[in-house]
Amino acid sequence: MLRQSKEERTLKGNLLLASSTAFVSGVTNIAGMVAFLAFTSNITGHVANLAKHIVEQNFREIIVFVIWLLLFFTGAFVSNFIIRSLEHKSRYRAHSIPIIIEIVLLLFVAIYGHNFYKETDLEREIVIGVLIFSMGLQNSLVSTISGGLIKSTHLTGLFTDLGGDVSEWMHPKVQKTEIIRNKILVRLTVLSFYFIGAVLGGLLFDLYDFAIFYFIPLILLTILYYDLSPVALHKISRVFWADKGKLV
């Protein structure tokens with residue numbers, strides 16, 4: 001999922017990346033809604049709220065929403081900057097570091113929320129900001145490595161792109177190519193797993209509260225492991241056969 005460049009990506013790699021990251025986004029967003037009554041996987045609603053507070057001259061809220069918007073932007077910036085800085089050395093390392101940072105941030109939310117959270121306004125704003133930053137990291141990562149095909153944290157652009165792709169597929173003057181079909185499959189996968197993650201995340205948050213954020217990093221770890229495991233198995237097999245050759 002992480003070793004392929006956008007030119008080399010297969011349908012299987014895109015489907016795996018789309019399903020796992022969209023599921024994480026769905027769980028994170030619904031957890032943020034239930035816990036804080038705030039979106040955490042996208043910023044469209046925050047822009048509307050910012051405009052509302054500007055009209056009402058609520059200066060503290062204006063500052064908060066501006067910071068949240070900048071955090072999503074900063075997450076996207078940091079993710080892409082890391083990728084461009086390291087991809088010439090190791091594509092896997094360049095793509096995995098943003099995920100590792102996201103895992104650390106989500107574990108912080110889990111530990112702090114489960115053990116120290118007192119439901120103050122400042123704490124709420126900080127935790128939401130951390131989640132928004134992590135979603136900016138993730139969305140930039142998957143968008144960059146998939147060539148803009150996958151955007152896992154929000155659905156407005158997804159429905160726009162899906163509508164265009166389905167229109168092309170059904171139009172009598174447009175050839176039904178494998179490229180269009182694969183785009184539709186990927187976008188439907190993002191939509192399905194985002195929704196599944198949101199439903200399951202809502203149910204689990206009611207049962208386990210902030211402990212749900214211990215579960216989300218496990219999904220991200222599977223993304224890291226998926227590309228790492230073949231390399232590890234290859235190295236182990238080389239050592240095994242080398243030792244066997246020495247015995248012979």
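Helix α3, spanning residues 59-86, contains 28 residues and extends 40 Å from its first C-alpha to its last, close to the 40 Å expected at 1.5 Å a residue; the expected span is 1.5 Å times one less than the number of residues, and helices are DSSP runs (H or I, at least four residues) numbered from the N terminus. This is a predicted model, in which local features need pLDDT of at least 70 and side-chain atom pairs count only at pLDDT 80 or more, while totals for chains, interfaces and linings use all residues. Residues are numbered from 1 along each chain as its sequence is written, and side-chain values use heavy atoms, with hydrogens and water left out.

The buried residues of α3 include Phe65, Trp68, Leu69, Phe72 and Ile83, where buried means under 20% relative accessible area, exposed over 50%, and partly exposed in between (1.4 Å probe, protein chains only). Among the elements that cover the buried residues of α3 are α2 (44-56), α4 (91-115) and α5 (121-145), contact being heavy atoms within 4.5 Å.

Val66, Leu70, Phe73, Phe77 and Phe81 form a nonpolar surface patch with about 520 Å² of accessible area together. Phenylalanine 81 belongs to helix α3 and is exposed, at a relative accessible area of 52%. Patches consist of residues with over 30% relative accessible area and no salt bridge, like charges being joined within 9 Å and nonpolar side chains (Val, Leu, Ile, Met, Phe, Trp, Tyr) within 5 Å; accessible areas come from the Shrake-Rupley method with a 1.4 Å probe, and for residues only the protein chains shown count as cover.

The count of salt bridges comes to six, each being a side-chain nitrogen of Lys or Arg within 4 Å of a carboxyl oxygen of Asp or Glu.

| Salt bridge | N to O distance |
|---|---|
| Arginine 187 and aspartate 161 | 3.7 Å |
| Arginine 187 and aspartate 165 | 2.5 Å |
| Glutamate 178 and arginine 181 | 3.7 Å |

Arginine 187 lies in helix α7 and aspartate 165 in helix α6, so their pair ties together parts that are 22 residues apart in sequence. Asp161, Asp165 and Arg187 are linked in a network of salt bridges. Arginine 187 is buried, with a relative accessible area of 7%, and aspartate 165 is buried too, whereas aspartate 161 is partly exposed at 30%.

Glutamate 178 and arginine 181, by contrast, both lie in helix α7, three residues apart, about one turn of the helix. Glutamate 178 is exposed at 54%, and arginine 181 is partly exposed at 36%.

Technical notes
Helices (H or I, at least four residues) and strands (E, at least two) are DSSP runs, numbered from the N terminus.
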